[in-house]
Amino acid sequence: MLHRAKLVLPLLTLSILAVANPLEQREAAPGILEDLLKGVLSPIAQLIKDVLAGAKSAIDDEKSNKPWSCRLLKTQCCVWWDVSADLTGLFTGSDGECNDNARAAVRMGFHDAGSWDQSSTHGGADGSLLMDFGEQDRKENNGLQTIREVLRGVRSKHKVGYADIVQYAHNHATITCPKGPRVRTFVGRSDATQAAPTGLLPDVHDSADNLIALFARKGFTPHDLAALVGAHATARQRFVDTSPAAVNKPLDTTIGVWDVEFYNDTLNNPAGATADQAVFVLPSDKVLSVHPKVKDEWHMFVGDQQHWNEDYAKAYVRMSLLGVPKKELWGLRDCTRTLPASRKTYP
Ligand code: HEM
C-alpha cells in the first residue's frame, strides 16, 4: 500500500505539472530553435532537429485516410482529418487551383509566426493574430481580415487551438496549390496570452541588407529567405500600389499554382508594375533577387521546382515553430498524414 502511494504521488504531481495552468502566461523561450533542441530529446523533438539540420526531409508525402478507430478511440490526429476536409473546400477554386483564401492563409501563417525574434519573450507561432488582441488592425496585417474570420469559424467548429489552426492552414493552403510541398505539420502548441510584439515583420520598402538581418534574428539564412519569399508565387498585392490598375495584380504569372515562375517573373520585370506588365514586383523581392547573398540561390530556383519545394518546406518548418517554448516542442504531434495528397504535376 505504502509502495503504491510512493509511486502514485510523484506521478500525480508530474501530471499536475504537465497540465498547463490556463492563467499561465504563454512565454516563448528566447533563443533560436537549435538552442532549444540540445541534449536528450523526445522522438518528435529529434525529428524536428533532424529536419532543421537537413538530415531528414521537411516534406512528407505519406497520406492516410481517417482511421475507423477514430470513432471509438480519439487517436492523436483525429480532428485534423475533419479540419482538413473543411479547408480543402475553402481553399480550392472552381478551376482546381488554390484561391484567395489559400493565399491569405499562407500569408497569415507567416505574419503570426514571424512576429518574433530571438530576443522575444512572447509572440511567434501562437495564434495571437487570430485571437482578440487587435493585431488584425495593424497596418501590416491589412488584407488578412477575411481569412481571420474564416479560420476563426473553422477553429471554433472543431475546437482546436488558435496557434495550431494558423500553421495547419498555412501548410494545407500550400499543398492545396498544385505543385505545392507537403510540409511536415506539427500540432500541440499553446495559444497566445497577449498580442505579439510589433516591428518584427518585414517592410516592403526596406533594403535587402535590413531584410536579411531581420530574418537572421529569427534564425533564417539568406538562402532560407530566398526560399520563403517564393510564397509570393501565389500572391496578389492590394496595398503597396493602390492605383486601380495595380490593385489585385498577381506577383506571379501563374498565381493559382505553387511554381517557380515567380523567380523568373521577379528577375525579368522592374519593381512595381507598368501598364503592360502582367505581374507586380514587390520592391523587397526585387532588391533581394539581386543581392550578393541571395541572388545565386534565386537563380537556382528558376526552373527547379523540387529544389525550391525542399528548401521552402525546411524553412517553413522552422517558421511554424518560432517562439514555441521548449517544453512544448517535446510534446508536439506530427499530423502531416491528415493533409491532402500532393499534385506534383499540373495541369
Ligand atoms: C521580405 C519579406 C517579405 C515582404 C517584404 C513581404 C511583403 C508582402 C506584401 C507587401 C504583400 C502584398 C500585400 C498586399 O498589398 O495585399 C505580400 C503578400 C503576400 N505575402 Fe509576403 N512578404 C514577405 C515575405 C513573405 C513570406 C515569408 C511569406 C510566406 C511564407 C509571404 C507570403 C505572402 C503571401 C501568400 C501574400 C499574398 C496574400 C494575398 O494575396 O492575399 N510573404 N507580402
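1. Aspartate 132 and arginine 152 pair up through their side chains in a salt bridge, with N to O at 3.1 Å. Aspartate 132 sits in the loop between H5 and helix H6 (145-158) while arginine 152 is in helix H6, so the pair ties together parts that are 20 residues apart in sequence. Aspartate 132 is exposed, at 59% relative accessible area. Do look at the neighbours too: Asp132, Arg148, Glu149 and Arg152 form a network of salt bridges. Please keep in mind that this is a predicted model.

2. A second pair worth a look is aspartate 334 with arginine 184, a salt bridge of 3.8 Å, N to O. This one links distant parts of the chain, 150 residues apart: aspartate 334 belongs to strand S2 (residues 333-334), and arginine 184 to the loop between helix H7 (162-176) and strand S1 (186-187). Both aspartate 334 and arginine 184 are buried.

3. Within helix H5 (residues 100-113), arginine 103 and aspartate 100 are 3 residues apart, about one helical turn. Their salt bridge has its closest N and O atoms 2.8 Å apart. Arginine 103 is buried at 10% relative accessible area, whereas aspartate 100 is partly exposed at 45%.

4. For the ligand's iron atom, the protein supplies a single donor, His232 (NE2), at 2.1 Å. Histidine 232 is found in the loop between H9 and helix H10 (261-268).

Technical notes
Residues are numbered from 1 along each chain as its sequence is written. This is a predicted model: local features need pLDDT of at least 70, side-chain atom pairs count only at pLDDT 80 or more; totals for chains, interfaces and linings use all residues. Side-chain values use heavy atoms; hydrogens and water are left out. Donors are N, O and S atoms within 2.8 Å of the metal (3.2 Å for Na, K and Ca); water is not among the atoms, so sites may look incomplete. Helices (H or I, at least four residues) and strands (E, at least two) are DSSP runs, numbered from the N terminus. A salt bridge is a side-chain nitrogen of Lys or Arg within 4 Å of a carboxyl oxygen of Asp or Glu. Buried means under 20% relative accessible area, exposed over 50%, partly exposed in between (1.4 Å probe, protein chains only).
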